[in-house]
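Subject: Structure for your review

Hello,

Here is the structure we discussed handing over.

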Amino acid sequence: MNDSKYFSRSWALLTRDKGWIKPILVMTVASLVPIAGFLGNSGYILEWARLTAWGVDSAPKQRNVNIGACIHSGWRAFVVALGWGLCLSIAVSLVNAIISVLPDTLAAILGMLFGLVTMVVYAVYGVVMNIAQIRTSIYESIAAGYRIDRVFEMIKRDTKGFCLLFLMGLCCSMVLGIAVFFMIMVIMSLLVPFVMMASSASGSEAMLGIVTAILIPLMVLSVLFSALFSFLFIGTEMLLKTATALWMRQFDVPSWGKSADPLPDQPIAEESHQPAGFTVVQPYTSAPVTEQPVEQEPPAQPEPEPEPTPALELEPTPELVPESNQEPEPDLESETKEPEESGPNADDAEEASTDTRVKNVDDLYADLYDVIQRSNRTGDDQ
């Protein structure tokens, strides 16, 4: 893989959400419940590791946890670990039986060497069981956990990563061992004064009082140290399971077929065609991890700009001339025309000409009034 820092990556996922310590505290309390607490805790950790193996970078779920599904997952993992544990125990017992038959000196040397080998074998067994249990959770089948050939195929492809997981598990075991040793030393140091008092006491009543005084603090310390050990064990188990899931992610879990099928050749499959039969079960808390092509929306067409509305051409308002400056146009014909006759007929003609000029002036004023009215109406309309 490009990034093999499994511890730092698993720690980052564990502490990703605010309140990350709450699930560990809840599981610490749940461990006090016989059988169901142990199975529920194991299943909860495996369901989170299963999501991680699928490629989902998520923190442990804090709400709406399906306890029934966690117990079922923990039960399947327990059956897988129990089967392989019995096989390993039988093999170790047979080797010890063979060594015991040998001469004493040779048996002592071989027994010491085999003890060291057994410690390494059990450490390797822990990593292998993590892989097998996560496979069981991925397929939701006990049979998938017994496909040790597929487990060894993954180890063969990335032996370096497997060794890193082994070292990580060894370091976590040492931390737990040191914590247990410290707890035992604290208990012994607190019990030494009571033991000395009991040894110097005479009489059954004095001895009973000392034993009673020892029992109460011993029970309190035992409960506290058991809770502390459970807290540390659950935390390290979450880190180890998630680190193993991060290691398994490189084998393209979404494209796995049947549990007996070999691993995909390509590190990342573009499209997963699952064969008929028993196949990988997708995580129930997330969508499939396979990437789907994203439909690209056609580019938005620019909206046509509205055509500018032509400005209305207003007719020019006629200029009004004040009445005082308006002079009627003289009738040239009447001025140039000389009277042809004299006498009474001439007077009549002159009066008729005067009447005609008066009539023309009245018509002119009437036309001017009409023009003024029309211009006023035009101004009101505009």
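This is a predicted model: local features need pLDDT of at least 70, side-chain atom pairs count only at pLDDT 80 or more; totals for chains, interfaces and linings use all residues.

Residues are numbered from 1 along each chain as its sequence is written, and side-chain values use heavy atoms, with hydrogens and water left out.

Pocket and cavities

The search runs on a 1 Å grid over the protein atoms alone: a cavity is a set of points where a 1.4 Å probe fits but cannot get out, and a pocket is an open set with protein on both sides within 12 Å along at least five of seven lines; lining residues have an atom within 4 Å of a point. Grid points are joined across faces, edges and corners, and a volume is the space filled by probe spheres set on the points.

The largest pocket holds about 840 Å³. Its lining has 33 residues, and Asn130, Gln133, Phe233, Glu237 and Lys241 are the closest to the centre. Helices H3 (36-53), H4 (67-101), H5 (104-139), H8 (159-200) and H9 (204-248) each give two or more residues to this lining. Helices here are DSSP runs (H or I, at least four residues), numbered from the N terminus. By class, the pocket lining has 20 nonpolar, 11 polar and 2 charged residues. Ala, Val, Leu, Ile, Met, Phe, Trp, Tyr, Cys and Pro count as nonpolar, Asp, Glu, Lys and Arg as charged, and the others, Gly among them, as polar.

There are 2 cavities of 30 Å³ or more. The second largest cavity has a volume of about 40 Å³, and its lining comprises Arg135, Tyr139, Trp256, Lys258, Ser259, Asp261, Pro262 and Leu263.

Nonpolar cores

A nonpolar core is a set of buried Ala, Val, Leu, Ile, Met, Phe, Trp, Tyr and Cys residues joined through side-chain atoms within 4.5 Å. Buried means under 20% relative accessible area, exposed over 50%, and partly exposed in between (1.4 Å probe, protein chains only). The largest core has 51 residues, and those touching the most other members include Ile134, Met238 and Trp256. H5 gives the largest share of this core, 11 residues. A second, separate core has 7 residues, among them Leu191 and Phe225.

Salt bridges

The whole structure has 8 salt bridges (a side-chain nitrogen of Lys or Arg within 4 Å of a carboxyl oxygen of Asp or Glu). Lys241 pairs with Glu237 at 2.4 Å, N to O. The two are 4 residues apart in H9, so about one helical turn separates them. Lys241 is buried, at 3% relative accessibility. Arg150 is buried at 12%, whereas Arg147 is partly exposed at 27%.

A loop residue

Tyr146 sits in the loop between H6 (142-145) and H7 (148-157) and is partly exposed, at 34% relative accessibility. Leaving out residues up to four places away in sequence, Tyr146 is in contact (heavy atoms within 4.5 Å) with Val79, Val80, Gly83 and Trp84.

Regards
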